[in-house]
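Thanks for making time this morning.

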Amino acid sequence: MTINQTPQVVTIAGSDSGGGAGIQADLKTFQARDVFGMSIVVALTAQNTLGVQSSLPIPCNFVAEQFDSLAADFHIRACKTGMLADKEHVQVVVQKLKEVDFGPLIVDPVMIAKGGHSLLKREAVDCIKKELLPLATVLTPNIPEAEELVQQDIKTSEDMIQAAYDLQQMGVKNVVIKGGHSSDILAKDFVLLENGETFWMSSKRIETIKTHGTGDTFSSCIAAEIAKGKSIKESIKIAKAFIQGAIEQQIFVGHGHGPTNHWA
Ligand code: PLP
């Protein structure tokens, strides 16, 4: 019986012991957006607001078991991927995503934490491009991630537009290139939808170091809104407003790059 069930969403990602990014940010976002959140843990990190001290991938067969447990019971309406660690983990996630029906997939191609710690081995990038991107309903790279995926520098708005088209050529349906890492006074994101529609989303750049987990929060908000039945376009716009509020309404924890405010 699946009719009238509470919208259910799963994040397939890495744990941040510091609570600001990864699975923890995703679950907090799901809660804030009124959906029932679940998690498939791909890797653990020992982490705080000062950085990632170490990380430990979960054995691939146990990642697969988590998929099987959720698929056997829940009616999942949307899912997202975050930190996927290495090629073997990307492969098991791809294989399981093909077996189960978890609804539209949002891929946040997490590569390197702001402090510089690698969250994805470089050799896995090719596998993400060839095997995961063709399954993606929405892809949400920041500029460095988009550069790595398309193997081109992105310095101008035109470069961002070109990268979005190149990513769509790789099989992604909808692309959001986040401009938060650009030097522009406005944080401008470029959106290319499946039907060819394009638009920019601008917001005033906020001078703060409290941006830990912004990418995770943005992509999990998109997943939550899709699970509630919103269109892809609406979901992307809601997520932009949500992340802007989460950055603006600062909270104060830790001594370094603090997290955004998920209950803003
Ligand atoms: N740790 C984990 C487990 C993550 O998934 C992410 C998200 O991308 C990060 C850390 C990165 O955090 P930051 O926003 O500080 O780069």
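What you see is a predicted model, in which local features need pLDDT of at least 70 and side-chain atom pairs count only at pLDDT 80 or more, while totals for chains, interfaces and linings use all residues. Residues are numbered from 1 along each chain as its sequence is written. The pLDDT, which is the predictor's confidence in each residue on a scale from 0 to 100, averages 94 over the chain, and 97% of the residues score at least 70. For the complex, the predictor gives an ipTM of 0.95 and a pTM of 0.96.

Now the ligand. Which residues are the closest to the ligand? They are Gly14, Ala21, Gly22, Met83 and Lys114, out of 19 residues that surround the ligand, where a residue is near a molecule if its C-beta atom, placed from the backbone, lies within 6 Å of it. Two or more residues of this shell come from each of β1 (8-16), β2 (36-48) and α7 (214-227); helices (H or I, at least four residues) and strands (E, at least two) are DSSP runs, numbered from the N terminus. By class, the shell has six nonpolar, ten polar and three charged residues, with Ala, Val, Leu, Ile, Met, Phe, Trp, Tyr, Cys and Pro counted as nonpolar, Asp, Glu, Lys and Arg as charged, and the others, Gly among them, as polar.

The axes of α1 (residues 22-32) and α7 come within 9 Å and cross at roughly 40 degrees; axes are lines fitted to C-alpha atoms, for helices over the stretch in contact, and angles run from 0 to 180 degrees between N-to-C directions. The two helices are therefore oblique to each other, given that angles under 35 degrees count as roughly parallel, over 145 as roughly antiparallel, 65 to 115 as roughly perpendicular and the rest as oblique. Gly22, Ala25, Asp26, Thr29 and Phe30 of α1 make the contact with Asp216, Thr217, Ser220, Cys221 and Ala224 of α7, contact being C-beta atoms, placed from the backbone, within 7 Å.

Next, α3 (residues 87-99) and α4 (residues 125-132) pack at about 10 degrees with their axes 9 Å apart, which makes α3 roughly parallel to α4. Lys87, Val90, Gln91 and Val94 of α3 contact Cys127, Ile128, Glu131 and Leu132 of α4, and these residues divide into five nonpolar, one polar and two charged.

Finally, α2 (residues 60-71) packs with α3 at an angle of about 25 degrees, the axes being 10 Å apart, and α2 is therefore roughly parallel to α3. Here Cys60, Val63, Ala64 and Phe67 in α2 meet Glu88, His89, Val92, Val93 and Lys96 in α3.

Note on methods. Contact = placed C-beta atoms within 7 Å.
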